[in-house]
Amino acid sequence: MQKLYRDHAIVLRTHPLGEADRIITLLTRTHGKVRAVAKGVRRTASRFGARLEPFTLVDVQLHAGRGLHTVNQVVTIEAFAGPISADYARFTAASAMLETTDRLTDEVVDPSQRGFLLLVGALRTMAAGRIPPPLVLDSFLLRTLALSGWAPELSVCASCGAHGPHHALDIRAGGLVCTACRKPGARAVRQAAVEHMIFLLAGDWENAVAAEETVVHEAGRIVADTITWHLERSVRSLSYVER
């Protein structure tokens, strides 16, 4: 990697370093996940402290170091933080998106840039406020699972490939399972919840928004449990999401 480079990035999280600095975790468009030091940003006279807050899309210039990189310049492209932070439901759902991205993303180049663009699109939709936050979150989580190769199988049996409909879901097996392949621990799932997840995965908002509250809750629980299974630990922010 060249010493000085520029990229678009979403700020995933920040934490203090010393008395005046912060470590910023960024998901960049072409350099994967990057951790960088932003010097002096906690001082009131900082030139770009407010631009390096979570939910912000920035154009950032970085100096590559052996471990941490260093932020040299930053310009705000879109500030999603305002409308997201103004609403508790949006804030908790968007926080879960950032935390999941942070957990799943390795610090390597993602040549497809699909994960970055997916997150930007989800934050933009969340900030617009036209779609209920839990639906935006669950759609994002399902698509993120798909990019990672972990999307639950929702049309055929995950074990034998038999065509559905099937009415049991086994996260360990990878999705829906038929009666013959069903093992202890598989959960019963309504067809309406399966169809709702298919709509979310496809970004079919018209049908997703029309789902009953109980269906949204059932699908959301499955999505959250699937994320937890693959991460091998819970996403803390998910416990605060209002469904």
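User: Quick one to start: in β4, what is the bridge partner of tyrosine 5?
Analyst: Leucine 62. This is a predicted model, where local features need pLDDT of at least 70, side-chain atom pairs count only at pLDDT 80 or more, and totals for chains, interfaces and linings use all residues. Residues are numbered from 1 along each chain as its sequence is written, and side-chain values use heavy atoms, with hydrogens and water left out.

User: How many bridges join β1 to β4, and which way do they run?
Analyst: Seven, and the two strands run antiparallel. Strands here are DSSP runs of E with at least two residues, helices are runs of H or I with at least four, and both are numbered from the N terminus. Two strands count as paired if DSSP finds at least two bridges between them.

User: And what joins β4 to β5?
Analyst: Eight bridges, between residues 56-63 and residues 69-79, again antiparallel. β4 and β5 form a hairpin with five residues between them. Histidine 63 has threonine 70 of β5 as its bridge partner, and valine 60 stands opposite valine 74.

User: Is β4 mostly enclosed or open, and why?
Analyst: Largely enclosed by the rest of the structure, because seven of its eight residues are buried. Buried means under 20% relative accessible area, with exposed over 50% and partly exposed in between (1.4 Å probe, protein chains only).

User: What do the strands build overall?
Analyst: A closed barrel of five strands, in the order β1-β2-β3-β5-β4, with mixed pairing.

User: Switching to the core: which residues have the most contacts inside the largest one?
Analyst: Ile10, Met97, Leu119 and Leu123, in a nonpolar core of 51 residues. Such a core is a set of buried Ala, Val, Leu, Ile, Met, Phe, Trp, Tyr and Cys residues joined through side-chain atoms within 4.5 Å. Apart from it lies another core of 16 residues, Val11 and Val60 among them.

User: What is leucine 123 in contact with?
Analyst: Leaving aside neighbours within four places in sequence, leucine 123 is in contact with Ile10, Phe55, Phe80, Ile84, Ala94, Met97 and Leu98. Contact means heavy atoms within 4.5 Å.

User: Last topic, α7. How many residues does it have, and what does it pack against?
Analyst: Helix α7 has 19 residues (213-231) and reaches 27 Å from its first C-alpha to its last, close to the 27 Å expected. That expected span is 1.5 Å times one less than the number of residues. Its buried residues pack against α2, α4, β6, β8 and α5.

User: What happens just after α7?
Analyst: Glutamate 232 takes a positive phi of about 65° there.
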